[in-house]
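Let's take a walk through a protein together, one step at a time. Keep the picture beside you as you read.

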Amino acid sequence: MSLAAVNLARWGEVPFITAWSSEEALPVRLVVRDGRIAYVDETARDRDGAGVLWTRMGFSPGVGVPRFKSVHSLRQRRAMHRLLCQVCGTPCGKSALWMLSREEYESAEGPWPAPVMTAHPPVCPGCVERSTRLCPHLRGGHVVLRARRVVPAAISGMLYKPTRDGLAPAAATIAHDDPRIRWLRAAQLHMELGDYDVIHHGHMIITGSGWRGTMGDRQGRP
Ligand SMILES: [Zn+2]
């Protein structure tokens, strides 16, 4: 890929974790090796530090057209581990905010202060409003959280089951310490957010005492 082919200006308009048409999942051949799934031509880069096998995708952001419904696995994972803004890609550090859809927030064990799980990396304060416009899953109601505890909790991807006819895949999300992880071809990392404040709720009624109004105005501008 030549650098000239990369439309950097265009890339700047597209969320950091969005996959591009030039980054499709690469064809792979899976085998069972040492009691777990593996790529025939596996290299050290195919697994993370914990030995989890990750989906292979090309890396050429800005080339082709953005696939807004598709998340790039490696950028998603990096954004989670390094707290990079999922929209602009800059490190958020302690100012990381987490935007959860109504569905994600309400599927937690209970309202605040129960921990919540999300596959959506953080956003920086400057990208909150843009995210509300860009992300269709937030339009039906969302919350903005600031969490003091963020830990890897689960991984989603394709879970393979050995059968007489070969490996049978099924989409699954499993805990990151689930022993079945050796049969997973991982695609997205989910984090658990704990000890958090609800700092904004867009179009949602929050029950409990999570709404502290510590930041931002009614339009969600931090
Ligand atoms: Zn940002």
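**From the chain to its core**

Start at the N terminus and follow the chain: its elements run α-β-β-β-β-β-α-β-α-β-α-β-β-β. Altogether that comes to 4 helices and 10 strands. Please keep in mind that this is a predicted model.

How much of the protein is buried? Of its 222 residues, 32% count as buried. The contacts tell you something about the fold as well. Take the contacts with a separation of 6 or more: 72% of them are between residues 24 or more positions apart.

Now look for the largest nonpolar core, which has 47 residues. Those that touch the most other members are C85, L97, W98, M99, V123 and L145. Several elements, namely β1 (18–20), β4 (53–54), α2, β6, β8 (142–163) and β10 (184–202), each supply at least two residues of this core.

Leaving aside residues up to four places away in sequence, what does L145 touch? Its contacts are L97, W98, L100, L193, Y196, D197, V198 and I199.

Strands β6 and β8 pair in the antiparallel sense, over 4 bridges. You can find one of the pairs by looking for M99, whose bridge partner in β8 is V144. Strand β8 is also joined to β9 (residues 166–175) by 10 bridges, and these two strands run antiparallel. Together β8 and β9 form a hairpin, with 2 residues between them.

An α-helix has 3.6 residues a turn, so residues three or four places apart point the same way.

Most residues other than glycine have a negative phi. One is D34, whose phi is near 55°, a positive value in a residue other than glycine. Look for D34 in the loop between β2 (30–33) and β3 (36–39). Is D34 buried or exposed? It counts as exposed because it has 6 C-beta neighbours inside 10 Å. The other is D195, which is not a glycine either, yet has a positive phi of about 50°. This residue is found in strand β10, and it counts as exposed because it has 11 C-beta neighbours inside 10 Å.

Our last stop is T90, in the loop between α2 and β6 (98–101). Why does T90 count as partly exposed? The reason is its 13 C-beta neighbours inside 10 Å, since a residue with 12 or fewer would be exposed and one with 20 or more would be buried. Not counting residues up to four places away in sequence, T90 touches L84, C85 and C124. Here C85 turns up again, one of the core residues that touch the most other members. Finally, compare T90 with F16: they are 74 residues apart in sequence, and 9.1 Å apart in space from C-alpha to C-alpha.

Key:
Residues are numbered from 1 along each chain as its sequence is written. This is a predicted model: local features need pLDDT of at least 70, side-chain atom pairs count only at pLDDT 80 or more; totals for chains, interfaces and linings use all residues. Two residues are in contact if their C-beta atoms, placed from the backbone, lie within 7 Å. A nonpolar core is a set of buried Ala, Val, Leu, Ile, Met, Phe, Trp, Tyr and Cys residues joined through C-beta atoms within 7 Å. Two strands pair if DSSP finds at least two bridges between them.
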